[in-house]
Amino acid sequence: MSDKATLEYNGNKYDFPVIKGTEDELAIDIKSLRTETGMITIDPGYKNTGSCESAITFLDGEKGILRYRGYSIEELAEKADFLEVAYLLIFGELPNETQLSKFHSDIKAQSLVDEDMRKIVDAFPKSAHPMGVIASLTSALTAFNPSSVNVTSEEDMYKAIVKILGKFPVLVAWTFRKKNGLPLDYGDKNLGYVENILKMMFKQPNEEYKTNPIVLNALDKLLILHADHEQNCSTSTVRIAGSSHVGLFASLSTGISALWGPLHGGANQAVLEMLEGINADGGDSKKYMAKAKDKDDPFRLMGFGHRVYKNFDPRAKIIKKAADEVLGDLGIKDPILEIAQILEKEALLDQYFVDRKLYPNVDFYSGIIYRALGIPTDMFTVMFALGRLPGWIAQWREMRLNGEPIGRPRQVYMGETSRPFVPVEKR
Ligand code: SDX
């Protein structure tokens with residue numbers, strides 16, 4: 001196989017190196033394209049453009065494969081816990097017991113938030129969308145942790161990482177509790193990482209909190225499944241923001257905002273709202289399938305389709321199975337789940353969806369579990385962010401340790417060519 005690609009244009013030939021990844025993916029290295037040819041490439045949405053070489057997550061969209069640092073998502077969801085997976089993504093190896101326990105205690109040591117942050121939480125109206133609140137609070141953390149702003153050494157990065165892993169779950173819980181008029185809580189540092197998240201979110205002030213193992217296991221699995229997904233929209237946002245050497249917290253805040261969009265992480269909320277709408281409209285799935293296929297109708301079947309997966313999203317398969325188990329174990333009969341299953345069955349047989357390789361993605365079933373766990377719809381994407389946090393951190397850290405240049409794409413200008421100014425009285 002050749003290690004170069006040749007571009008021929010206007011009678012000239014230009015050779016560019018071809019690089020091959022450890023999973024045999026091939027890329028044309030065009031770092032010298034503009035210098036050699038005076039031309040650039042253009043690729044809206046970067047559907048064919050690699051932004052970096054990364055060693056964190058591998059996915060094969062055609063085969064429906066997803067691995068974190070070489071471990072399959074199926075094995076990790078089954079055998080690991082979320083904190084182990086966070087360590088794996090960020091540092092590259094599964095931790096041994098000593099490493100995991102030190103990681104957890106370093107995080108717990110950073111799990112308090114400056115009391116003045118409560119004033120910012122209090123300033124938001126109850127109607128504020130939790131994603132807007134958590135994006136703001138994450139950026140505000142910079143003000144209370146100035147040493148975590150521009151970190152360059154691995155040691156400083158580690159300190160900033162355990163800080164955000166300690167404080168972000170508190171801010172998630174505070175965002176949820178504030179909206180529900182509950183006192184802000186710190187949970188219990190003697191609990192596991194995810195167990196404490198549940199307690200911080202759901203402990204009622206007038207009763208003992210008892211962890212439900214089914215709920216704990218389901219949330220731990222959901223967070224693992226959301227933990228990273230290579231160069232998706234929000235991760236690319238974190239990487240490009242971080243490439244200006246703005247701090248970790250500010251970079252993460254940009255990723256939270258990008259994730260909020262209904263085409264990305266906001267889809268899990270949009271799926272539930274869509275399913276509830278179909279249910280309220282008599283459960284007529286065929287009507288909504290027709291709307292999804294109608295080019296003149298802006299309606300899309302939320303939770304379906306994916307930029308990279310042209311096969312089942314492996315996470316959707318695991319989540320669908322978990323949804324069945326959790327609802328069964330909790331004794332919940334949810335008509336929304338039935339509507340989702342009917343829509344999936346119909347879409348998988350429908351030519352429009354088959355031709356476009358549109359399959360259920362990670363967001364299609366996740367909301368059904370979040371709802372069963374007592375998490376309100378407008379918090380679904382915040383839970384996605386909670387899961388994706390270690391992935392964003394890992395990608396940001398890799399970008400900084402690799403010394404990547406500031407991200408600054410080019411453009412093809414299509415506007416007016418040079419023209420003289422016209423005074424207002426003559427326009
Ligand atoms: C996530 O990138 C990641 O890795 C993201 C993520 C992660 O973990 O970080 O996996 C998380 O964001 C999952 C995706 C969640 N979004 C949704 O569920 C929203 C609904 N899906 C889409 O809007 C869409 O499928 C995207 C945005 C996910 C992907 O869009 P693309 O790759 O830009 O594809 P496209 O919009 O060009 O669609 C191709 C065709 C079009 O039809 P034609 O113009 O070819 O006739 O498929 C159609 C689209 O209209 N299409 C849909 C559809 N999704 C695509 N038609 C109906 N319903 C849909 N959901």
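Predicted model: local features only at pLDDT ≥ 70, side-chain atom pairs only at ≥ 80, totals over all residues.
Helix H6 runs over residues 130–144. Its 15 residues reach 21 Å from the first C-alpha to the last, close to the 21 Å expected at 1.5 Å a residue.

Move on into the loop between H6 and H7, where Ser 148 lies. Is Ser 148 buried or exposed? Its relative accessibility is 2%, so Ser 148 counts as buried; the cut-off for that is under 20%. Leaving aside residues up to four places away in sequence, Ser 148 touches Ala 160, Lys 163, Gly 247, Leu 248 and Phe 249.

Next comes helix H8, residues 193–202. Nine of its 10 residues are buried, so H8 is largely enclosed by the rest of the structure. The buried set includes Tyr 193, Val 194, Ile 197, Leu 198 and Phe 202. Asn 196 and Lys 199 belong to it too, as do Met 200 and Met 201. These buried residues pack against helix H3 (82–91), helix H4 (97–108), helix H7 (154–179), helix H9 (213–225) and helix H18 (380–401).

Now go to H12. Its 14 residues should span 20 Å at 1.5 Å a residue; the end C-alpha atoms are 19 Å apart, which agrees. Ala 267, Asn 268, Gln 269, Ala 270, Val 271 and Leu 272 are buried in H12, and so are Met 274, Leu 275 and Ile 278. The partners of these buried residues are helix H13 (285–293), H15, helix H17 (362–372) and H18. After H12 comes Gly 282, with a positive phi near 90°.

Two packed helices are described by the angle between their axes and the distance between the axes. For H12 (residues 267–280) and H15 (residues 335–349), the axes come within 9 Å and cross at roughly 95°. H12 is therefore roughly perpendicular to H15, since angles of 65 to 115 degrees count as such. H12 makes the contact with Leu 272, Met 274, Leu 275, Glu 276, Ile 278 and Asn 279. H15 brings Pro 335, Ile 336, Ile 339, Ala 340 and Leu 343. By class, this contact has nine nonpolar residues, one polar and one charged.

Note on methods:
Residues numbered from 1 in each chain as written. Heavy atoms only, no water. Axes fitted to C-alpha atoms, helices over the stretch in contact; angles between N-to-C directions. Helix = DSSP H or I, 4+ residues; strand = E, 2+ residues; numbered from the N terminus. Parallel < 35°, antiparallel > 145°, perpendicular 65-115°, else oblique. Contact = heavy atoms within 4.5 Å. Nonpolar A, V, L, I, M, F, W, Y, C, P; charged D, E, K, R; others polar. Buried < 20%, exposed > 50% of the residue type's maximum accessible area, 1.4 Å probe, protein only. Expected span 1.5 Å × (residues − 1).
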